[in-house]
Structures are given as C-alpha cells and as structure tokens.
Amino acid sequence: MKGFLQQLFDYNFYCNKKIIEQCSGPGQVPDNCIRLFSHILNAHHIWNQRILEYPTEFGVWDLHEVDTWEDIHYENQRTSFEIVSSTDTFDKRVEYTNSTGKNFSNKLEDILFHIINHSTHHRGQIMMELRNAGIVPEPLDYVHYKR
C-alpha cells in the first residue's frame, strides 16, 4: 500500500506542477481555474491537517494568487509524503469534523486516495476551462505520466 500511495502522490505532484506551469505562463488564466485550483490546494491541506490533527489555515474555497500556488502545493505534497512514509498501517481510522461541522471517521488509506481522486476530478474541470478559453492543456492522464 505504501509504495502504491507514494506513486499516486508522485503522479499528483507531477500533474499539479503541470497545471501551475500552464496557469503561470503568459495570458489570462480563467477565473474558474483559479477558483478550482485554489480549492484543490485547500482540500489537500485540510485533509493533511485532519490526519495530523492540526488546525487548518485555509477554508475549502479560499482563493490563492497564482504566484503562491507552487509553495502551497509543495508544502501539501511534502506533508502527504511524510504521512505516507511514516505510516505503518493504513487501515487506522481518522476522526474529523467536516466543513459543515459534522463528525466522521474514515480509514487513512481512503482519505489519502480521496486526496488524489479529488485533485484529479478538479484538474479535469480546469482542463475544460482552459480549453474553453482557447488554451490547449497538456495531457495529464496517468498512463501519459507513466510513459
């Protein structure tokens, strides 16, 4: 499980860096790309903090300037790599309170996979926004990454 999750977080790191590069280039970034990528960063941060039982710095829909994305992304990934590397059992339960104040409990492996899946989902939306703005996004499919 540890090796598989490390591969998935490597993939997530790669894809997010590609989005950051594409949105940092010349030209106007569609507002919805900024909203969606900020949300990816926020959610990743929030899940890491829940796992570690630390307070969060970001709200779910806080907006971040494009020039801050790389630092936030790097910190999120570093923290997730530390969580994965230092964990011996991924079936332990993590108890947390969601953004609406409800209490839940999920297995660590499910939360870690959710971080990846959630990011992939919203990167797809960002790629559609880029296309609609006349920008051709780079392919971010897992198989492209593994090539």
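**View 1. Surface of the predicted model.** The protein has an accessible surface of about 8,200 Å², and 50% of it belongs to carbon and sulfur atoms. Accessible areas come from the Shrake-Rupley method with a 1.4 Å probe; for residues, only the protein chains shown count as cover. This is a predicted model, where local features need pLDDT of at least 70 and side-chain atom pairs pLDDT 80 or more, while totals for chains, interfaces and linings use all residues. Residues are numbered from 1 along each chain as its sequence is written, and side-chain values use heavy atoms, without hydrogens and water.

**View 2. Helices and strands.** The protein has 5 helices and 2 strands. Along the sequence, they follow the pattern α-α-α-β-β-α-α. Helices (H or I, at least four residues) and strands (E, at least two) are DSSP runs, numbered from the N terminus.

**View 3. Box and burial.** The C-alpha atoms fill a box of roughly 45 × 35 × 20 Å, taken along the principal axes. Of the 147 residues, 42% count as buried. Buried means under 20% relative accessible area, exposed over 50%, and partly exposed in between (1.4 Å probe, protein chains only).

**View 4. Tyr14 and Tyr145.** Tyr14 sits in helix 1, which covers residues 2-24. Tyr14 counts as partly exposed because its relative accessibility is 29%. Tyr14 and Tyr145 are 131 residues apart in sequence. In space, the C-alpha atoms of Tyr14 and Tyr145 are 8.0 Å apart.

**View 5. Contacts along the chain.** Among contacts with a separation of 6 or more, 70% join residues 24 or more positions apart. Contact means heavy atoms within 4.5 Å.
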